[in-house]
Amino acid sequence: MPDVSGNTLLMAVQAVDDAIQALRARLQEADEDDDPRDDEELLHSYRKAADELRRAYELARLSSSNLPPYDEVLPPRGG
């Protein structure tokens, strides 16, 4: 795995989560005339990236005591 700092992983996790939230909002607000397929494919790609980043973050956290638990990295979501 490439050498990436825990802090960089933390920021990447948060950035990908922000992108996921923005895409979800855009899909919810889409008109019936809009074709959501591109956004849905992009959302799927971001979710896959988020899963990979979570695994990498958890591995980095094993060797770094200054990283918060993954569940504390992202803002709480309702629902």
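Q: How do the elements run from the N terminus on?
A: They run α-α-α, with helices taken as DSSP runs of H or I of at least four residues and strands as E runs of at least two, numbered from the N terminus. The protein has 3 helices and 0 strands.

Q: What are the ground rules?
A: This is a predicted model, where local features need pLDDT of at least 70, side-chain atom pairs count only at pLDDT 80 or more, and totals for chains, interfaces and linings use all residues. Residues are numbered from 1 along each chain as its sequence is written, and side-chain values use heavy atoms, without hydrogens and water.

Q: What does the C-alpha trace span along its principal axes?
A: About 50 × 30 × 15 Å.

Q: Which helix gives the largest share of the lining of the largest pocket?
A: α1, with 6 residues; lining residues have an atom within 4 Å of a pocket point, a pocket being an open set of points on a 1 Å grid over the protein atoms alone where a 1.4 Å probe fits, with protein on both sides within 12 Å along at least five of seven lines. Helices α1 (6-29), α2 (37-62) and α3 (70-73) each supply at least two lining residues.

Q: Is Asp-17 buried or exposed?
A: Asp-17 is buried, because its relative accessibility is 11% and buried means under 20% relative accessible area with a 1.4 Å probe, protein chains only. Asp-17 is in helix α1.

Q: What does Asp-17 touch, not counting residues up to four places away in sequence?
A: Leu-74, Pro-75 and Arg-77, with contact meaning heavy atoms within 4.5 Å.

Key:
Buried < 20%, exposed > 50% of the residue type's maximum accessible area, 1.4 Å probe, protein only.
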